[in-house]
Amino acid sequence: MTDRIEAAAAELRPLLQEFILWAPENAPGSDPDLVGAVALWHRLIARTDVGLWKRGDLRAVLLERMPQVVEDPDAAADGMIPAVRAYLTFLSGTGRLSPGSASLESLLAELDEVEDDFVDAMEDAIAERDWDEEEDELDEDEADEGLGDFEPFTDEIGALPTIRLRPDTELAEAARGVTLIAQARDLALWVGTGRKVGEETLLTESEVDEAVRTLGLPDARNIWNLWNLAIDLEFLAPDGDDTVSVDSDTAAWPFEDDDDVLDAWMLGLHSLDYGDPELDDDDLTLALSGLTRALLIRVLLAGGTRPVSSLREELAEAAAEYDDLGADAWAAAGDPLASVLAWLTGYGMVTVEGDAVTLTPLGTEGLVHLLDDEDIEIDARPAIDAMTALDLLSFSADMSEEEADEEFAAWLALRDPARAASELLEAAAEEESDALVRVQAASLVGSLGEAAIPAWQEALEEPSLRPYAATHLTQMDVEDAPEPTQADTHWLILDMWTISAGLGRPEFVSSLHDIGPAQTLIGLLDVIWKVSHPHLEELLELIGETHPDKQVVKAAKRALFKARSGR
């Protein structure tokens with residue numbers, strides 16, 4: 001279906017662009033942008049000919065399809081019917097209403113007939129959306145976060161010094177040695193293919209005993225956590241109503257490819273909750289839920305290492321505060337941290353030496369991912385010796401100028417300037433659509449002086465970097481350096497607009513004013529549409545939506561039409 005939608009949208013684009021240019025003078029009260037969805041679904045579900053409209057088409061599209069696909073029911077309720085009325089008038093008046101279509105009068109009459117029902121459908125969609133949002137808010141308010149809630153520590157996490165993460169090669173090597181994953185693999189291999197399981201107990205007592213012996217476990221206390229971990233890791237999966245089977249790739253663990261290894265480890269990351277104590281009483285077990293996460297976050301806040309004795313004292317108090325049964329649960333567990341530390345150690349996230357528990361690089365990586373899942377910001381970056389040029393450019397975008405300079409200096413100290421220039425420009429060339437990375441790379445490479453000349457000369461072959469390379473080589477008076485062309489200059493302008501658009505509409509409009517008066521901008525729009533920039537069309541659309549001068553708006557829409565039609 002996605003391919004059909006894309007093909008239909010491409011087919012309709014020139015027609016809709018002409019309608020957008022037609023509407024301001026001929027139907028000034030309408031919003032032509034609202035027509036796109038109606039025209040698209042008319043093409044997909046009613047007629048293969050976009051100009052063929054018969055009685056019944058409007059009812060099918062507006063009442064049966066639009067309530068399911070409309071993104072903004074408020075705007076649709078207010079303006080879609082007038083917009084469709086203008087569109088049909090446009091088709092008829094410009095000769096684009098195909099032979100065999102109903103008359104314009106008949107189509108407009110049908111539009112009047114369905115208008116009330118359409119508005120009712122949009123109001124129902126609005127009500128359903130509001131209800132869903134209220135339900136979500138209630139769910140969030142009523143959520144029982146447990147001891148493992150990271151939210152109360154948000155400010156402390158944000159105030160931590162930069163967390164340095166190790167490279168994937170090191171992390172993957174550590175993950176290959178994780179004991180619990182190896183045990184989950186062995187359990188899945190023991191299960192084999194098509195093993196029947198029971199309804200109340202998945203395995204019989206004799207099967208549990210056999211699995212314990214096969215895995216070399218001291219007892220059966222951990223067998224079900226390993227079973228669940230094997231499912232999390234996708235080593236084991238149901239393949240029928242009462243059978244489970246091992247995945248065919250399971251025996252290959254530890255995998256050769258680093259990415260595959262880390263993907264598998266991340267699949268099992270949330271298994272850390274299996275470290276929470278399990279007591280005979282369910283209420284007491286619930287009172288200690290989240291204990292494993294609670295320990296992890298406190299070790300992180302302490303700089304990565306903390307005495308177990310102080311953790312035990314602090315977490316006992318936290319459990320008592322969190323739940324009325326917390327103190328009883330703590331006492332009933334004997335040593336509640338025993339299972340926590342055993343699981344975290346087995347999953348490679350911490351080490352315990354004497355009274356000190358320490359996050360491993362793998363544990364730090366995992367905890368950063370968990371915080372990211374909770375939308376809690378933490379300043380985590382690759383270690384300088386593991387930082388790629390793309391890492392440097394990407395992270396620098398969110399740093400202060402002083403901090404970015406320090407990061408660049410530390411990164412540069414590990415390589416000679418010529419190599420640094422090549423790495424930065426290669427990174428910028430990886431993603432043509434990322435103007436900010438490209439501008440940052442050009443700025444850093446520009447600071448390297450003559451050492452960067454070979455890299456700049458190579459960059460002349462990259463369309464997205466050629467404007468920067470030609471400019472810098474010319475400024476350095478390099479022999480045989482090509483003069484920047486008008487197209488090069490226009491590319492630089494489009495990059496500047498792309499970055500300012502990402503900062504917000506006021507900044508974007510300000511960047512347009514930097515070009516000069518309206519007539520200068522109009523003159524630029526008359527030629528800049530020829531540049532094959534990845535953000536050209538969306539920038540022209542944005543100019544048409546935001547610029548206060550109507551003549552500039554018309555010029556932007558005209559340029560957009562030319563860019564889309566290739567004329």
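**Close-up 1. Contact between helices α20 and α21.** In this predicted model, Ala-421, Leu-424, Leu-425 and Ala-428 of α20 meet Val-437, Arg-438, Ala-441, Leu-444 and Val-445 of α21. Sorted by residue class, the contact of α20 with α21 holds eight nonpolar residues, no polar residue and one charged residue. Helix α20 spans residues 417-430 and helix α21 spans residues 435-446, and the two pack at an angle of about 165°, with their axes 9 Å apart. Because angles over 145 degrees count as roughly antiparallel, α20 and α21 are therefore described as roughly antiparallel to each other. The crossing in which α20 passes α21 is left-handed.

**Close-up 2. Crossing of helices α24 and α27.** Helix α24 (residues 486-503) and helix α27 (residues 536-546) have axes that come within 10 Å and cross at roughly 65°, and this crossing of α24 and α27 is left-handed. On the α24 side the contact is made by Leu-494, Trp-497, Thr-498 and Ala-501, while α27 contributes Leu-536, Leu-539, Leu-542 and Ile-543. The residues of the contact of α24 with α27 comprise seven nonpolar, one polar and no charged.

Close-up 3. Three strands form an open sheet in the order β2-β4-β3, with antiparallel pairing. Strands β2 (195-196) and β3 (236-238) stand at the edges, and each has a single partner strand, so one side of each is left without a neighbour in the sheet. Between β3 and strand β4 (residues 243-246), which run antiparallel, there are three bridges, and Ala-237 stands opposite Ser-245 in β4. Helix α8, formed by residues 179-191, lies across β2, β3 and β4 and runs at about 125° to β4.

**Close-up 4. The aromatic pair of Phe-19 and Tyr-87.** The model contains 11 aromatic pairs, and the pair shown here is formed by Phe-19 and Tyr-87, with an edge-to-face arrangement, a centre-to-centre distance of 5.3 Å and an angle of 80° between the planes. Phe-19 belongs to helix α1 (residues 2-26) and Tyr-87 to helix α4 (residues 73-93), so the pair ties together parts that are 68 residues apart in sequence.

Key:
Residues are numbered from 1 along each chain as its sequence is written. This is a predicted model: local features need pLDDT of at least 70, side-chain atom pairs count only at pLDDT 80 or more; totals for chains, interfaces and linings use all residues. Side-chain values use heavy atoms; hydrogens and water are left out. Two strands pair if DSSP finds at least two bridges between them. Helices (H or I, at least four residues) and strands (E, at least two) are DSSP runs, numbered from the N terminus. Contact means heavy atoms within 4.5 Å. Axes are lines fitted to C-alpha atoms, for helices over the stretch in contact, and angles run from 0 to 180 degrees between N-to-C directions. Angles under 35 degrees count as roughly parallel, over 145 as roughly antiparallel, 65 to 115 as roughly perpendicular and the rest as oblique. A crossing is left-handed if the near helix is turned anticlockwise from the far one by less than a right angle, and right-handed if clockwise. Ala, Val, Leu, Ile, Met, Phe, Trp, Tyr, Cys and Pro count as nonpolar, Asp, Glu, Lys and Arg as charged, and the others, Gly among them, as polar. Rings of Phe, Tyr and Trp (its six-membered ring) pair if their centres lie within 6.5 Å; planes under 30 degrees apart count as stacked, over 60 as edge-to-face and the rest as tilted.
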